Amino acid sequence: MRRPRLHVPTVVGRLRADRALLLLVGVVVAVTSALGAAVAPLAGQAADRAVVGAVRDAGDRGAVRASLPDSYDVPTDDDGGDAASAAGQVRQDAQLVRDVLPPELDAVLRPGVATVTTTPLQLLDGGPGRYLQLAFVSSVDDGPSLRWTAGREPGAERGPRPGTVRVALSGAAAQALDLEVGEVVPARDERGRDVTVRVVGTFEAADTDDPAWQVAPLALAPTLGAADGSTRTAATALVPPAALGDLEGALPGDALSRRVVFVPEPDRLTWRGSAALERTVVALQSGATGAADGTTWDTVLDTVLRDARSEVASARGQAQVLLTGLLTAASLVLVLAGRLLVRRRTGPLTTARERGAALPDLALELLVESAAVAAAGALVGVASVRLLAGAAGWVWSLPVVAVATAAPPLLGVALAGATTRRDRAPANRTARRSRARAAGGLRALVEVVVGATAVLAWVALRQRGVVGKDGTGGDATAASAAVWVSVAAALLLLRVLPAALAALLAATRRLAGAVPLFVAARLSSTPGRALPTVAVVVAVSQLVLGVSLVVTLHHGQAAGARVAVGGDVRFDARPDPAVARLASQVASSPGVRAAAAARVEDGVRVSGSDGSALVRLVAVSPADLARVREASGLPGGDLDRLAGDRLAGDGDGDDDDRVPALLLGGTAGLRRVPSLDWEGVRVPLEVVGDAPDPGAGSDAVLVVDATSLARAGVAAAPDTVWASGTGAAAAVSEAARQAGASGAVVTYAGELARRRDAPLPSAMTDLGVASCVVLQLLALLAVALAAASDAPERRSSVGRLRALGLPRRDLTRVLAGDLVAPVTVASAVGALVGAVCAHLALGSFALERLTSTRQPPAAVVPWWTVGSVVLLVCGAGLLAVAESRRVRGTPLARLLRS
């Protein structure tokens, strides 16, 4: 078999002759390749930032805590020195625990903070309700760093008598407990063991961001609450290193908890390493690593990493949907460009074939030409991304390069082969019908295959969603569902068009004007419009789907931000009865529609008939909260039922001791005979409805009436203020300033900006906007290429009408109808298909992971997506005007001769 021969001068001549069209092909390949190449590095960077942000936002929840066994005895060092002292031994233990950590986990953790703590000790000098925890805290640099405001750190001398522990308090803790320097206070633990506490000094933190304060938060911020009708104040006192021996001598070993806390360094984490790190953390907690005998490990770092990876997986799946639609539309446009290129070369290709040129030789020449153009375009696109982003992917560029390389040779060889093919159209009518039936059967087979594939892909999307099972990528079958549905809709449109055009032609024959008849005749007799129709339908439908995805994401973020804030403004402070007065002042301020004070506490245990769970407790006035949520446009759940049950329960009855409550989430068992365990009090509950969603937090939310809870013996001092109104932010800030309350003011606008600036949502928005712009350009290019491909035949047909005396205005109308009508129908069908896919498919895109909401946001298809259809119709109209001028500029004599 003879090897194909490459005639280089012929290839160079064709490149020169069609350089404009080839340049257009190269630009399409370059733009599409650049967008695909930018996804991998930018998605990787966004994923890394998302993991880092999730661990940073988790705070001390992501800390890894090692608890030494209760039977631990302090060993001694024969050589003496610091290691033999109690504080030195604790530091040594921290290093020993650090040494047994798995290397991949050790690499992302900061140096450990060793702690020796007691249970809360009740102070016996001033009545009930004052609790003080004693804690020795030591970090790698002997921190935390303190500034002494009164007294001083005791030296190493043995001052106090046995059973007395020297401690230091922060200014806030000393004020909350009403203690002064030099005061000696008796205390007792929960088992009745007595210890004496001597206050030797007060301090303030030199660096409040020191990780050491995360393990002892009550040292700087004491809490104030109420239980059984009395106030409860809790704080933590620091035990200086020199006094740690006193603490260990005053209380037995089982009264002390020895822990080493390792806080993660977020900047050291990466998305690619998060999966292995998650497995390591799980193995560490289960004891599979054999880290240390008797040491238990506790952390939710694995859960934080798992949630971050799920967000990354959902974003990657959504990006795959956008890229699949973009690459499909670009491939169809490149096939249209290849068809136009081949039609322009019909004469040279048929002449070469008739003169004996072999098909392999022609295929090789066309392949070399198209491969050079496609490779150059891909190289320019990928290199540009590499230069701008520092890295570039190449996987998403391969489909476009393959189509741009293969389309011209295949179409050119098919055209050249048809020139010398011997199977001419048979003269026998039966044979012609048989051939038509075979072609129709092949077409029907293609339609059935496409329809079945669309159904299977849609089922995969509904069942599995766009998130891959491994959490590292999307599901290719599910991601292509919208594309397959668009192609199937285009084929259905092509199936019904002939019958519709036949009916249109029959109707126009009865009209008085000639233009509708000419347009209908042109549309009915023009072949080869299947590919442009499919290209326009796919491009427009994917554009509408992409726009809907971005808009739905933004609407979901807005709704999630509103729910997270709980109104227009949220004020977070320490529990204090003064917060209720602050809320009343805010409610009466100008521009404030409503305000409510509440106690919001995470990690509160609620027990039910078949187990218990940790919930987010919200103790609030139902009426106040209902007004705030109504003014903010938020659903109130069954708050009205909670208020009504509270009022109805004032009488006598067996259930009067049960506090009405609203519950959101959790298991069904929590609703059966529930009880609340908080502040040392067990409160029986009666679930009377569903709670409103107060924002991201625990999986379950429990809302109770603060007044009813106080009657049950737990007076929850509020720590949160929700307010609604245009002047709420200024009113809350001013009220907090006047009251001298320290806290964080969270506004709806700030929370929304934070969510939209988050790595994954912002990356998805950028990709969605970029892909929609490119899809619009591809749709316009498809219209232009289709018009240029049919231009010679159209010009000849309209030229005959001009030669027959059709007026110029009617010529323009005929051209407009011939060009605009197909574009209008195809783009309208594409927009309709895109809107239907958006409403039915966006719920399977896991958008709730990016909006941080409990439920997927409702699909939003903006009305202005019809602008894409209008733009395509206007583009087709401009082409019709240009074609009309060209026809009118042709001399009539030339038209008559042709």
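First, a term: a pocket here is an open set of grid points with protein on both sides within 12 Å along at least five of seven lines, and its lining residues have an atom within 4 Å of a point. Keep in mind that this is a predicted model.

Start with the second largest pocket. It holds about 1,100 Å³ of space. Its lining has 33 residues. Pro-120, Gln-133, Pro-217, Leu-218 and Glu-601 lie nearest the centre. Several elements give two or more residues to that lining, including β4 (130-138), β10 (230-238) and β17 (675-678). Which element gives the largest share of the lining? That is β14, with 6 residues. By class, count 14 nonpolar, 9 polar and 10 charged residues in the lining.

Now the core. In soluble globular proteins, nonpolar side chains tend to be buried together. Here the largest nonpolar core has 149 residues. Leu-105, Leu-132, Leu-134, Leu-247 and Phe-845 touch the most other members. Helix α9 (residues 301-344) gives the most to this core: 22 residues. Apart from it lies another core, of 21 residues, Val-606 and Leu-670 among them.

Look at Phe-845. Leaving out residues up to four places away in sequence, its contacts are Ser-314, Gln-318, Val-321, Leu-461, Val-466 and Leu-549.

Last, the backbone. Most residues other than glycine have a negative phi. Asp-178 has a positive one, about 60°. Asp-178 sits in the loop between α5 (171-177) and β7 (184-188), and is exposed at 61% relative accessible area. Val-673 also has a positive phi, near 50°. Its loop runs between β16 (659-664) and β17. Val-673 is exposed too, at 57%.

Terms used. Residues numbered from 1 in each chain as written. Predicted model: local features only at pLDDT ≥ 70, side-chain atom pairs only at ≥ 80, totals over all residues. Heavy atoms only, no water. Core = buried A, V, L, I, M, F, W, Y, C linked by side-chain atoms within 4.5 Å. Buried < 20%, exposed > 50% of the residue type's maximum accessible area, 1.4 Å probe, protein only. Helix = DSSP H or I, 4+ residues; strand = E, 2+ residues; numbered from the N terminus. Contact = heavy atoms within 4.5 Å. 1 Å grid on protein atoms, 1.4 Å probe; cavity = no way out; pocket = protein on both sides within 12 Å on 5 of 7 lines; lining within 4 Å. Points joined across faces, edges and corners; volume = space filled by probe spheres on them. Nonpolar A, V, L, I, M, F, W, Y, C, P; charged D, E, K, R; others polar.
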